[in-house]
Structure formats: structure tokens, C-alpha cells
Amino acid sequence: MDFQHRYVLITGASGGIGTALALALAQEGANLLLHGRSETRLPDLAARCLQNGASSVKTCSADLSEQGDRMKLVNFIHREFSAFDTLINNAGISRFELFEQQSAEMIEQLITTNITAPILLTRALMPLLMENRERAPRILNIGSAFGAIGFPGYTTYCASKGALRLFSEALARELSDTPLKVQYLAPRATRTSINSTRAQAMLEATGSQSDTPERVAQAALAQLRSGKSQSAIGWPERLLVRLNGLRPELISAVLRKQLSKIKPLANTESTGAES
Ligand SMILES: NC(=O)c1ccc[n+]([C@@H]2O[C@H](COP(=O)([O-])OP(=O)(O)OC[C@H]3O[C@@H](n4cnc5c(N)ncnc54)[C@H](OP(=O)(O)O)[C@@H]3O)[C@@H](O)[C@H]2O)c1
């Protein structure tokens, strides 16, 4: 795939993985539309992308959990980015916290941002992607290893990413007789600010491995090039996902042994901590 002639929207480009994706695609000469919730970090990132070799860069801020803001982004694309051929649904939030302590508002925000928003954005942008069928259009959804393994402290996040995984799989199959390919990438823990101090402490306590956002970006580019519908990052995690599908009770037993390390850190009331 020659990214130089592609028109790519990255949602959540202002975040850790989004920024790495933007810079990697810029280096390949892509035309970029960088999205973030707030406008503040987008102009600097746009300038870096142009320095890195992007053919063109536009920016648009929108809160994707708000319908009006989603439409603002969709209208911007029709107006200013109509050769659009690649949608990367990357924006997302996470919360490491015992389920019983999660507020109804936080649960709703997680579900809206991580699953309702990408589904509705995909629905709104599919007609334009189909119009650009000769450009071999793509949708790449950024999921998580937690979309295939239910992990204590991440109940709602796991639910949202599991839903995104199945949405991607079903839509890829539904569109398999069209030129629009739908793809899903599951990174494991990645060193960005989405992970709170407590989440990072839990990753260390459980001996979990983590990647740089640049590694995730390279995996995303490789997946876009290959056309593969699903892929995951990290060997032990890929094995654990398979094992969880075949023998979930084995993974449950491993996690049960680690619960004494995970639960105190997921307990926001005892640590009185931030998200
Ligand atoms: N880091 C990890 O450990 C990890 C592992 C597996 C999967 N992932 C997934 O990778 C994706 C990127 O995560 P990251 O690690 O790069 O996180 P991050 O650094 O926190 O970036 C998240 C991005 O999403 C945007 N965003 C959040 N809520 C939004 C909303 N309501 N409307 C619009 N934009 C919103 C943020 O915009 P603002 O900056 O403007 O708020 C930011 O650009 C997420 O889907 C995440 O679930 C991350």
C-alpha cells in the first residue's frame, strides 16, 4: 500500500498512540486529518507531521461522545477531505477501577466513547468510503488485548473493547464482497497517559509487558498494508487470548492468583486516587 496517495482520518490523534500513528503515516507521505477532543495539541502535531513528510494535514476537534460534535467532524470530512479512504477509529478512554466503585456516568462515558462513537462514526462515513471504492478504502479499529480477555478492574473497558472486536469482525464479514476492508488491531499495554499511576503499578505488579506507541503505530501500518482483518501485538498475549477462547478456566485460575495484587490497586476508595 502506497500511503502517499491515501487520505487518512485518525481519531484521538492528540493521544499517545494517535500521535505515533500520525507521525508514522506522515513519514510515509500520507494526507492526514488529525482529530482530537480538544484543539490545543493539534496545531503542533500538524506542524510536526508536515516536517515529517505528510503530503497535507488538516485538523478538526470534536467530542465524539456528543452527536453534534460527531456530525461536525463528518461534515468537515465531506467539505474538506472528500478523497477520504482510511478511517482509523483510535480515540478511547480507559478506567482501572473496581466495578462496584464505577459511577453510572463513568460507565456511560466509557461505553459511548469506546463503542457507540466508533460505530456511529463508521456508519456516518461508510457511504463516502464506498464512494471512494476505487481507492481501496479501509477502516481500522483500535481495540485491546482486553477485548478478548476479561480482566479484573477493567470490566467496562473490556466490555467496550470486546464489543468493538465483534463489531469489526461482523462488519468485515458483511462487507467481504465489497472493496471496503474492516480491520481490528489489539494492542497490549502501551506506555501512554491513558494508563493511570495505579494502572501502571498493577502492570508492574503482575509482570505485564508493555510497548511504546511507536511499536503500535508500526503494527497498524503493517496491518493496513497486509489487509489482515484482525491482529494483536505481543506473543504471550496472543497465546493467552487463544487459551482464553479454548479454556477460559485456566486463565481464570491464573488471574485468581493475581487478584491480591490487582484488587488493592483497582480500589479507588482505599487509594483515594485519580482515574
Ligand atoms: N495505552 C494502552 O495501554 C492501550 C492498550 C490497548 C489499547 N489501547 C487503545 O488505544 C487507543 C488510544 O489510546 P492511547 O493509549 O493513545 O490513549 P491516550 O493517550 O489517552 O489518547 C486517547 C485519545 O482519545 C481522545 N479521546 C478520548 N475521549 C474522547 C472523546 N470523547 N471524543 C474525542 N476524542 C476523545 C483523546 O483526545 P484528547 O487528548 O483531546 O482528550 C486522545 O486523543 C484507545 O482506543 C485505547 O483504548 C491503548
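Which residues have the most contacts inside the largest nonpolar core? They are I10, L21, L25, L32, L34, C49 and I88, in a core of 31 residues.

## Basis of the model

This is a predicted model, in which local features need pLDDT of at least 70 and side-chain atom pairs count only at pLDDT 80 or more, while totals for chains, interfaces and linings use all residues. Residues are numbered from 1 along each chain as its sequence is written, and side-chain values use heavy atoms, with hydrogens and water left out.

## Sheet

Helices (H or I, at least four residues) and strands (E, at least two) are DSSP runs, numbered from the N terminus; two strands pair if DSSP finds at least two bridges between them.

Strand β4 (residues 86-89) runs parallel to β5 and is joined to β5 by 4 bridges. I88 has L140 in β5 as its bridge partner.

## Helices on the sheet

Contact here means heavy atoms within 4.5 Å; axes are lines fitted to C-alpha atoms, for helices over the stretch in contact, and angles run from 0 to 180 degrees between N-to-C directions.

## Nonpolar cores

A nonpolar core is a set of buried Ala, Val, Leu, Ile, Met, Phe, Trp, Tyr and Cys residues joined through side-chain atoms within 4.5 Å. Buried means under 20% relative accessible area, exposed over 50%, and partly exposed in between (1.4 Å probe, protein chains only). The largest core has 31 residues. Two or more of its residues come from each of β1 (7-10), α1 (16-27), β2 (31-36), α2 (42-52), β5 (138-142) and α7 (213-226). The largest contribution, 8 residues, is that of α1.

L25 is among the residues with the most contacts inside this core. Leaving aside residues up to four places away in sequence, L25 touches F3, V8, I10, A30, L32, I88 and L221. A second, separate core has 30 residues, including L33, C60, L64 and A186.

## Salt bridges

There are 11 salt bridges, each defined by a side-chain nitrogen of Lys or Arg within 4 Å of a carboxyl oxygen of Asp or Glu. One of them joins the side chains of E237 and R188, at 3.0 Å from N to O. E237 lies in helix α8 (residues 235-246) and R188 in the loop between β6 (181-186) and α6 (197-205), so the pair ties together parts that are 49 residues apart in sequence. Both E237 and R188 are buried. These two residues also belong to a network of salt bridges that links R188, D211, R215 and E237.

E169 and R173 form another salt bridge, with an N to O distance of 3.2 Å. The two are 4 residues apart in helix α5 (residues 155-174), and therefore separated by about one helical turn. E169 is partly exposed, with a relative accessible area of 23%, and R173 is exposed, at 58%.

The side chains of E249 and R247 meet in a salt bridge at 2.4 Å, N to O. Both ends count as partly exposed: E249 has 42% relative accessibility and R247 has 40%.
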